[in-house]
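Keep the 3D view open as you read.

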Amino acid sequence: MDAHDLFRKLTSGVRFSKNKRSKPVVRTEKQVESVAVKDEEDFNAAEEWMNPGDGSNSDDDSQMNSDSETENDDDSDNSDKLNKSSDRNGKRNGSQTQDDSDSDADNSIDGPITLLGNMSSDKAIKTTNSKPVKQKKKKLTPEEKLKAQEEEKVNILRKKLRLSVSGDGVPAPVESFDELQARFGVSANLINNLKKSGYTEPTPIQSQAWPIMLKNRQVLACAPTGSGKTAAFLLPLLHHLRGLRHDGIRAVIVSPTRELARQTYRECSRLAENSGLNIHIISKVNLSNAKLTLEKTNKFDILITTPNRLVFLLKQEPAVLSLKSVRWLIVDESDKLFEAGPRGFRDQLAAIYQACDSQNIKRGMFSATHGAHVAKWCKQNLAGLIAVTVGHRNTTADKVQQELVFVGSEQGKLIAMRELISKGLQPPVLIFVQSKERAKELFSELLYDGINVDVIHADRTQLQRDNVVKSFREGKIWVLICTELMGRGIDFKGVNLVVNYDFPPSAVSYIHRIGRTGRAGREGKAVTFFTSSDSPILRSIATVMKDSGCDVPQYMLELKKVSKKTKREREKYAPERASISTVPKVEKQKQEWLHTKIENGKRKKKGLPPLPAKPSKAKKRKAENDEGADTKKRKMSESNKSNYSKGGKLSSKAKNWKQSTNGKQSNNGKQSTKGKPPGKKMKFRTKKNETN
């Protein structure tokens, strides 16, 4: 028996006062009966230990034995007090029946105990535990029981699919395509088109987003890359807009890049087969502006475009587009479109939002990463919003094997890249760099390494970019070098390896980059090169990897946290890095000269003036020397002025220096420089010795 059980048995039925100022009041319900004492001294010691606050001492044994009558009186008084205390407890805790007290006594802990040394009890001490009064549960009606069972089933299904939802009246997710037809009346043609696209059952985001949008509720969805978000918003749109009307554009889908918009267009056209809907994508603004008129655009049912192109057409006079009849506005990659600044599209999105001024318009926001600013705006402006999240927020797919490789310096990256190639690459492979200039340099380095490699960036024409993407999908290109342009939304099925040649500027960018592999349940691998200059963002990337179940060195997680200001600067402005190219400077100059000559020839045929010639190195040096001489003269004049007072006379410091250095020269014929006036550098010439 431990101290806790002993204390419980000794203090059974004892009530302690919580008032600090009042004297301690101890009331017992039952007393210890027939305690066999072998030694009188042990009993006295036990009594003194049990009653430390008593005024009587252990030496008054004779008085205690002689006054037996007073003890009996005290016992009777104590019993009266116990009865009163029990009555009070009965009033406080509510009415308790005798049956409850009997059941408590039966459930008490029995058994003999040893108090001190040789003192023990013959009979067991019974403890009573007061049980709180249980409130009777309300009896549920059969309808309420059925509703509770259905809610429990829905919660079990959401837990299985790793879904978390927030909002009022969230509909239950669907488990199969047949349930879509039974609950919402989705056409068999649309279900067949889904199956032809390769879907056998709804993905987690589709199982919850479809019922929400089919019930005309606004949604904010966040799901990992490659989880089927495009089909999650296309199927409800095609169901709501079924049938030709020709009363204007009824749905607008906005994507951040042209490649993602074209991919969405292909997916939408595949799902809308035999539906009779007219789907249009704005490919080139100039051609579209010349061909499009308000009468033609009113025949479009679904318009897919990028923000800048749509805003450009909205501002044209006479009007080319009208979005007054739009019923659904879908924002794909919403966190990117809500970004402010030169790289974001917040201003353009605001113009589109104002142009869609229909009273019955519904909005859907979809992205792979959760943006706090997007969620805040949606909660404030979208009525009846339902937020859906699959798995943990801002994490990568579980089936992607992630690896961090320290390469030392920028030159070490090219060595590590060629080591990967020598070990054997399993194409297709994507390589991400931070700028188009570095993409060109890396392409020129890997061009002759025996692999089919190409590059895509913003400087290439739309036709070139489309051809590169098409060749990469068909397997003609093994390795594709790209910038952040291809980091979002592009679905390349079967990408086996993603290489982050340049460290991503943020954790969000990292998630989108490596999301190009491991799509639709497939396995993939991601390798990230980093140097010592990338340490500010290393901790956040390591945290994302750990949340995804990857092994990360402990020292990375213990790195110092970076301020929010530093993170924002890193996201906006890419760090300066050494050049990737290993070509000598002379060869670079020859290539630049040849490129300029070719461009000038093309411009001459078009009747344009030649490109401005870059200044030669000799002229640059001369200009730098002239600037250096001017700055040097200016500094010397300022230092000379400092030696004179305002009246044009020498200052006191300069006079003292002149007096101290008069006639003093060093042994080697140089004048001593001790006491040199501040702010002035003196130059001395050595005189040749006449004897020589």
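## Where α10 meets α11

α10 crosses α11 in a right-handed way, meaning that the near helix is turned clockwise from the far one by less than a right angle. This is a predicted model, where local features need pLDDT of at least 70, side-chain atom pairs count only at pLDDT 80 or more, and totals for chains, interfaces and linings use all residues. Residues are numbered from 1 along each chain as its sequence is written, and side-chain values use heavy atoms, leaving out hydrogens and water.

On the α10 side, Thr230, Phe233, Leu234 and Leu238 make the contact (heavy atoms within 4.5 Å), and on the α11 side Thr264, Glu267, Cys268 and Leu271 do. Sorted by class, that's five nonpolar, two polar and one charged residues. Here Ala, Val, Leu, Ile, Met, Phe, Trp, Tyr, Cys and Pro count as nonpolar, Asp, Glu, Lys and Arg as charged, and the others, Gly among them, as polar.

## Where α9 meets α10

Now take helix α9 (residues 204-214): it packs against α10 at about 25°, with the axes 9 Å apart. Axes are lines fitted to C-alpha atoms over the stretch in contact, and angles run from 0 to 180 degrees between N-to-C directions. So α9 is roughly parallel to α10, a label for angles under 35 degrees.

The crossing of α9 and α10 is right-handed. Residues of α9 in the contact include Trp210 and Met213, and those of α10 include Phe233 and Pro236. By class, this contact has ten nonpolar, three polar and one charged residues.

## The whole chain

Of the chain's 692 residues, 36% are buried, which here is under 20% relative accessible area with a 1.4 Å probe, protein chains only.

Key:
Helices (H or I, at least four residues) and strands (E, at least two) are DSSP runs, numbered from the N terminus. Buried means under 20% relative accessible area, exposed over 50%, partly exposed in between (1.4 Å probe, protein chains only). Angles under 35 degrees count as roughly parallel, over 145 as roughly antiparallel, 65 to 115 as roughly perpendicular and the rest as oblique.
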